[in-house]
Amino acid sequence: QVQLVESGGGVVQAGGSLRLSCAASGMIFSMNAMGWYRQTSGKERELVAGISSGGGSTWYADCAKGRFTISRDNFKNTLYLQMNSLKPEDTAMYYCAALFGRELTNRVRYWGQGTQVTVSS
């Protein structure tokens, strides 16, 4: 059974930083591209950042460029999202996702349960 367990969310002031983690089990982590998505009430879930299976390729949404960094440790089966210079509009539920295949894609195979990030002004 595949499990993706996010952690690291919380409440932070604008300008602050958070580091999200996603621990994967029940899957061959190193064979899947991974992504971080976020969703706010009334909006569709959007891809924020993605990383290929080996970590050599990354992609960022415009809202994340220059502020967020996605990374992975295939030995620890863990995905990370370092978020700096946080803004109130970054407030959302953040989801870890295992994607289909090794390369960057927006096709999700498995979802985590989400971790809430709240940025206060």
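I will go through the nonpolar cores and then the aromatic rings.

This is a predicted model, so local features need pLDDT of at least 70 and side-chain atom pairs count only at pLDDT 80 or more, while totals for chains, interfaces and linings use all residues. Residues are numbered from 1 along each chain as its sequence is written, and side-chain values use heavy atoms, with hydrogens and water left out.

Start with the cores. By nonpolar core I mean a set of buried Ala, Val, Leu, Ile, Met, Phe, Trp, Tyr and Cys residues joined through side-chain atoms within 4.5 Å. Buried is under 20% relative accessible area, exposed is over 50%, and partly exposed is in between, with a 1.4 Å probe and protein chains only. The largest core has 27 residues, and Met34, Leu79, Leu81 and Met83 touch the most other members. Strands that each supply at least two residues of this core include strand 4 (34-39), strand 8 (78-83) and strand 9 (92-99). Strands here are DSSP runs of E, at least two residues, and helices are runs of H or I, at least four, numbered from the N terminus.

What is Leu81 in contact with, leaving aside its neighbours within four places in sequence? Among its partners are Leu18, Leu20, Trp36, Phe68, Ile70 and Tyr94, where contact means heavy atoms within 4.5 Å.

Now the rings. There are two aromatic pairs. Rings of Phe, Tyr and Trp (its six-membered ring) pair if their centres lie within 6.5 Å; planes under 30 degrees apart are stacked, over 60 edge-to-face, and the rest tilted.

Tyr37 and Trp111 pair edge-to-face, 4.8 Å centre to centre with 70° between the planes. Tyr37 is in strand 4 and Trp111 in strand 10 (residues 108-111), so this pair ties together parts 74 residues apart in sequence. Tyr37 counts as buried because its relative accessibility is 3%, whereas Trp111, at 38%, counts as partly exposed.

Tyr95 and Trp111 are also edge-to-face, at 6.2 Å and 80°. Tyr95, at 12% relative accessibility, counts as buried.

Last, Arg45. Its charged end sits over the ring of Tyr95, 3.6 Å from the centre; the criterion is NZ of Lys or CZ of Arg within 6 Å of the ring centre and within 35 degrees of the ring normal. Arg45 also lies over the face of Trp111, at 4.4 Å from the ring centre.
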